Amino acid sequence: MIVPSSSRPFVANHNNSLRFTSLAELSSGNLLAQVDLHRAVVSLKLRQDKKKASMGQFLTPASVAQLMAGMFNRLDLLEISLLDAGAGIGSLIAAFVAKVCQHTQHTSSLRVVAYEIDPFLIGYLHQTLELCNKECQRVGISFNYEIRETDFIEDAVRLLQVGLMNSANTAEFTHAILNPPYLKINANSKVRELLRSIGLETSNLYTGFMAATAQLLKPSGEFVAITPRSFCNGPYFCSFRKMFLEMMALQQVHLFESRQEAFSDDDILQETIIIQATKQKQKSSNVIINTSSGANDDLIRSHSVPYTALVQPDDLEQFIHILPDKISQQIVRRMALFSWTLKDLGLTVSTGRVVDFRAKDYLRANPENNTVPLIYPVNLSDGYVEYPKITKKPQAIVFVEETANLLIPNEHYVITKRFSSKEEKRRVVAVVYDASQFNYAYVGFENHLNYFHKNGHGLSPTLARGLAVYLNSTLVDAFFRLFNGHTQINATDLRKLKYPNLEQLLLLGTAIKGQFPSLREIDELIENKLLSMSNLSENNPIATKSRIDEALQILTRLGFPRAQLNERSALTLLALLNLKPIDSWQLATSPLMGITPMMDFMAQHYGKTYKPNTRETVRRQTVHQFLDAALIVANPDDLSRPINSPKTVYQIEESALDLLRTYGTDEWEKSIRTYLASVETLKKQYAQEREISRIPIVIAGEIKTLSPGGQNILIEKIINDFASRFTPGGKLIYIGDTDEKFVHFDEAALVDVGVNIDSHGKMPDVIIHFTKNNWLVLIEAVTSHGPINPKRKKELEFLFRSAKIPLVMITTFLSRKAMVAYLAEIAWETDVWVAEDSTHLIHFNGEYLLQAYQIEKKEPS
């Protein structure tokens with residue numbers, strides 16, 4: 001949308017006095033939280049007035065913004081200039097500023113140029129940029145910004161043309177971050193003409209924003225954008241790919257497994273990706289491909305591919321082939337064994353001719369005299385056409401002169417859906433139109449279908465069956481998903497697909513008798529009839545993918561929520577069963593397995609290699625839920641072992657193992673019903689077992705329990721032995737636990753002494769208000785983590801900097817032997833208590849028992 005600018009750009013710097021409600025003292029986390037709160041409010045308002053749909057606006061959530069900001073490499077420049085061509089409320093800018101401020105080597109100067117034309121959003125954008133200014137001031141970075149209240153494409157073209165005419169360098173930005181508007185543009189529109197003037201032909205505004213932004217970058221400038229994946233292939237974006245890839249070198253690509261996760265607040269059909277590129281003609285030897293379930297998922301699968309595999313040098317259309325893992329590479333190698341085009345086969349594919357709203361006067365709800373069948377996507381079922389069908393869609397079209405050109409001869413065809421619904425299991429859905437089932441001369445195919453034919457006429461029944469089998473295979477579906485980021489299956493996409501030769505398709509068709517085969521049978525046919533002689537020595541990627549899909553189906557039947565219906569959870573289940581891709585479910589076992597061995601299993605047997613240090617995501621977002629559902633048990637070999645112990649292991653629960661061994665057999669349906677009926681009893685049983693092992697403590701006359709083992713054994717002794725002896729009459733304010741962070745928290749009592757705790761702060765294990773001396777006693781229980789060393793002491797001083805009363809810090813150990821290992825680390829002006837010598841304290845340079853000291857309230861470095 002072109003909106004002329006009638007006013008000069010607004011310019012602000014750190015001397016401006018724009019007023020609004022903000023936090024008194026910002027940290028990077030607070031900055032992003034404040035901006036994301038604004039985003040949530042604005043998104044709701046935009047949805048209500050439907051403004052986003054008309055302008056293609058989808059505001060960026062904080063989690064996505066942080067992920068994008070983290071992809072920049074060069075944040076240590078002396079001066080940084082950032083462009084955001086569609087700033088919205090400034091979420092991406094805030095994430096970038098937070099990242100720069102957190103960087104170990106600060107830039108001295110940060111300049112931001114933000115484009116935005118929506119007056120409603122501009123007010124929020126001003127607030128965000130002032131928050132960014134305060135954050136930069138906090139760390140000593142000179143910050144200034146400019147909001148350009150004009151259309152970006154119009155202004156960028158003007159700048160680029162001025163630079164061309166005056167031989168001036170208009171490239172002014174070292175960095176660009178972008179979430180461009182997604183909006184189709186008409187061929188005769190003004191914006192289309194503007195983009196043509198800078199050498200770009202494109203049908204969607206988002207690629208125009210990307211191209212113009214890239215041209216405004218300085219040499220070696222960095223570019224990070226979240227966009228639909230559709231630009232990676234297809235004829236509509238060929239011009240853009242050639243322009244962009246000529247001046248930019250791709251460095252990283254981030255994929256999301258779910259279309260819904262990146263913009264979970266919005267109804268997004270497009271697959272989205274994040275790309276990071278550098279403005280240089282020289283291409284990198286390799287490109288990093290990262291994949292995660294969503295932006296909040298820090299379990300990231302990482303894979304490196306040669307640049308020449310991503311963008312093949314001899315490809316005139318410059319398709320971008322994103323292969324996220326080894327399985328994807330294996331799928332591409334298998335598809336390369338098929339080299340025939342539809343033209344080679346003497347076939348073509350067309351879109352259904354009947355556009356129902358144009359032919360509505362000739363449509364009938366049910367077959368009548370002088371009508372012929374009208375086939376919609378809803379009629380496609382189990383490999384064939386179900387007709388007529390009880391549906392709201394018309395099932396017949398009148399056969400008259402006016403409709404003759406909409407109909408085709410009643411012969412055998414293969415039909416595919418043009419659209420797959422959001423998150424549908426299969427992208428390519430094909431069926432056989434069997435003419436022998438229809439006693440008509442002609443048939444109509446609705447416009448949401450594609451049909452394969454031979455010069456306007458049908459195929460042989462055997463060829464039709466063979467072609468439908470091939471199109472419905474997991475191999476084709478997986479290949480299609482790799483390179484098509486949209487839900488539409490165009491006839492063009494099907495023409496570009498490679499096929500088995502005619503003899504092979506007929507071989508597949510001959511194997512089909514009567515009922516259309518199941519997906520498993522289809523994949524076995526492809527493997528046995530077409531690939532068995534291919535001399536491929538690698539694992540079968542289809543078996544691998546199918547096994548993961550089976551695990552997902554099981555988790556769905558078990559009733560797990562959407563957050564656990566992903567590849568991570570499927571692989572975790574398979575690891576806990578020690579089930580490899582070609583093993584039958586009857587071979588499932590129940591080994592004791594920790595998180596790291598699970599991830600090793602995923603990499604070794606399923607080709608899924610995740611980034612290091614992501615074990616916590618598996619534990620927190622999958623294993624915890626498996627435990628809650630009684631699908632697995634923790635530490636069955638030692639119930640006293642704490643759940644956060646590095647030696648913790650998990651095991652499939654016995655009755656769940658029996659159930660899973662029946663998957664794929666006639667017993668499965670009966671077994672799953674029986675299991676689901678009894679699982680609540682199982683949950684209660686295991687909860688009771690865990691409760692028996694818990695450690696009881698008494699707080700203000702109320703019995704509470706701590707999880708067994710580990711530091712909680714020591715915490716029980718702190719409460720019962722230390723507190724009664726050294727802080728008699730004291731008020732117990734806080735107790736932490738390995739299972740839940742705040743097992744006891746008297747927040748009001750902490751506020752009374754001047755402390756408001758951010759729940760994200762790293763709390764001590766126990767907090768006591770020793771009312772007699774009016775001291776706040778902070779206690780760490782050392783079993784697996786370290787004592788109060790100088791670094792931890794500074795952290796606690798900063799965390800409790802607002803306290804009105806003195807702080808006392810104590811490190812506790814179960815035994816002297818445990819203490820000896822940490823003696824050299826313990827901070828001066830703290831105390832140590834050993835449970836086995838409970839009547840004594842050790843004072844590190846203390847003048848009196850539990851001496852309080854004056855502290856300097858500075859943030860730890």
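## A tour from a buried arginine to a surface patch

Select Arg 148 to begin: this residue is buried, with a relative accessible area of 10% (buried means under 20% relative accessible area, exposed over 50%, and partly exposed in between, with a 1.4 Å probe and protein chains only). The model is predicted, so local features need pLDDT of at least 70 and side-chain atom pairs count only at pLDDT 80 or more, whereas totals for chains, interfaces and linings use all residues. Residues are numbered from 1 along each chain as its sequence is written, and side-chain values use heavy atoms, with hydrogens and water left out.

**Salt bridges**

The structure holds 33 salt bridges.

Next, select Arg 641 and Asp 637, whose side chains meet in a salt bridge at 3.0 Å, N to O. Arg 641 counts as buried at 17% relative accessibility, whereas Asp 637 is partly exposed, with a relative accessible area of 43%.

Which residue does the side chain of Glu 317 meet in a salt bridge? Select Lys 496, which pairs with Glu 317 at 3.0 Å, N to O. Glu 317 lies in the loop between helix 10 (307-310) and helix 11, and Lys 496 lies in helix 15 (residues 491-496), so the pair ties together parts that are 179 residues apart in sequence. Helices (H or I, at least four residues) and strands (E, at least two) are DSSP runs, numbered from the N terminus. Glu 317 counts as partly exposed at 25% relative accessibility, and Lys 496 is partly exposed at 38%.

**Helix 5 and its cysteines**

Now select residues 119-139, which make up helix 5; its 21 residues reach 31 Å from the first C-alpha to the last, close to the 30 Å expected at 1.5 Å a residue (the expected span is 1.5 Å times one less than the number of residues). At the N-terminal end, Asp 118 caps the helix, with a side-chain oxygen 2.9 Å from the backbone nitrogen of Phe 120. Helix 5 is followed by Gly 140, whose phi is positive, near 85 degrees.

A search of the whole structure finds 0 disulfides, a disulfide being a pair of cysteine sulfur atoms within 2.5 Å. Select Cys 132, which is in no disulfide and whose nearest cysteine sulfur, that of Cys 136, is 6.8 Å away. The sulfur of Cys 136 is in turn 4.0 Å from the closest cysteine sulfur, in Cys 101, which is too far for a bond. Cys 132 counts as buried at 0% relative accessibility, and Cys 136 counts as buried, also at 0%.

**A surface patch**

For the last stop, select Trp 340, Leu 502 and Leu 506, which form a nonpolar patch on the surface with about 230 Å² of accessible area together. Patches are made of residues with over 30% relative accessible area and no salt bridge, like charges being joined within 9 Å and nonpolar side chains (Val, Leu, Ile, Met, Phe, Trp, Tyr) within 5 Å; accessible areas come from the Shrake-Rupley method with a 1.4 Å probe, and for residues only the protein chains shown count as cover. Trp 340 lies in the loop between helix 11 (326-335) and helix 12 (342-345), and is partly exposed, with a relative accessible area of 33%.

Conventions:
Salt bridge = Lys/Arg side-chain N within 4 Å of Asp/Glu carboxyl O. Polar contact = N/O pair within 3.5 Å; in protein donor to acceptor, adjacent residues only side chain to side chain.
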